[in-house]
Amino acid sequence: MNELTVKRRVVIPMRAGEVMAEFISFDGDESGKEHIGIGFTGTSASKNDIPLVRLHSECLTGDVFGSGRCDCGEQLDEAIDKINAEGGYILYLRQEGRGIGLYAKLEAYALQDQGYDTYEANEMLHLPDDGRDFGIAAKMLKSLGVNQVRLLTNNPDKAEQLKENGIDVVELLPTKVHVNQHNRQYLETKAKRKQHTLDLDGEGFE
Ligand SMILES: Nc1nc2c(ncn2[C@@H]2O[C@H](COP(=O)(O)OP(=O)(O)OP(=O)(O)O)[C@@H](O)[C@H]2O)c(=O)[nH]1
Ligand SMILES: [Zn+2]
């Protein structure tokens, strides 16, 4: 796999100008997907030398429209809060629906409404239960000059794949548990089937 290079860095003020973020595009990804890096310098009080990094898989329904079927929108907000404070990057990966795309995710949701779990529903559609490759994130980090990260995730596979691709994951930091009546089963399934570090015991609805 070829290397990536940084193409363009542009500062975008977020949250009414309270957060300044640098949006970074890349050259060299043969898939043609427009993965984006979002860099935060960190506030002086809580800055850390090793960047805090979140690999965030695109979720249009959750990230943009606040869907209650998952926790993606809340996790993205949490990542912006934490990484803006400590310094680091969100890598916003265009891996909608764990890599199967938005339309297929809606098909999977329809199957879940008939009783299948999130992974079974993908398989019913003859699609991988999780089709994501986080190797691209390792390439993005290397092109940014980042070889060591503190990783914000509950998904052990993200850390494993970064390590396999030459990134030193020095610390794993879980995200909060953003549970509600609509996403409890989705979260429980991640913990049960993919060993996500989600402690749902005693978690009421937010
Ligand atoms: N196919 C499918 N994709 C889903 C479903 N719910 C959420 N997603 C997608 O899952 C991705 C988020 O991945 P998750 O496996 O939920 O969590 P993660 O990002 O691996 O783990 P964390 O780093 O701990 O958040 C996004 O791309 C969502 O669009 C679903 O029911 N079916
Ligand atoms: Zn989501």
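**Reading a predicted fold**

Over residues 10-173 the chain is 34% helix and 26% strand, with the end C-alpha atoms 28 Å apart; helices (H or I, at least four residues) and strands (E, at least two) are DSSP runs, numbered from the N terminus. This is a predicted model, where local features need pLDDT of at least 70, side-chain atom pairs count only at pLDDT 80 or more, and totals for chains, interfaces and linings use all residues. Residues are numbered from 1 along each chain as its sequence is written.

Colleague: What makes the phi of alanine 16 worth a look?

Modeller: Phi there is near 55°, a positive value in a residue other than glycine. Most residues other than glycine have a negative phi.

Colleague: How do you know that histidine 126 counts as exposed?

Modeller: Same test: histidine 126 has 6 C-beta neighbours inside 10 Å, so it counts as exposed. Histidine 126 lies in the loop between α4 (118-124) and α5 (135-143).

Colleague: What makes a set of residues a nonpolar core?

Modeller: They are buried Ala, Val, Leu, Ile, Met, Phe, Trp, Tyr and Cys residues joined through C-beta atoms within 7 Å. The largest such core here has 30 residues, and Val53 is among those with the most contacts inside it.

Note on methods:
Chains lettered and ligands numbered in written order. Buried ≥ 20, exposed ≤ 12 C-beta atoms within 10 Å, placed from the backbone.
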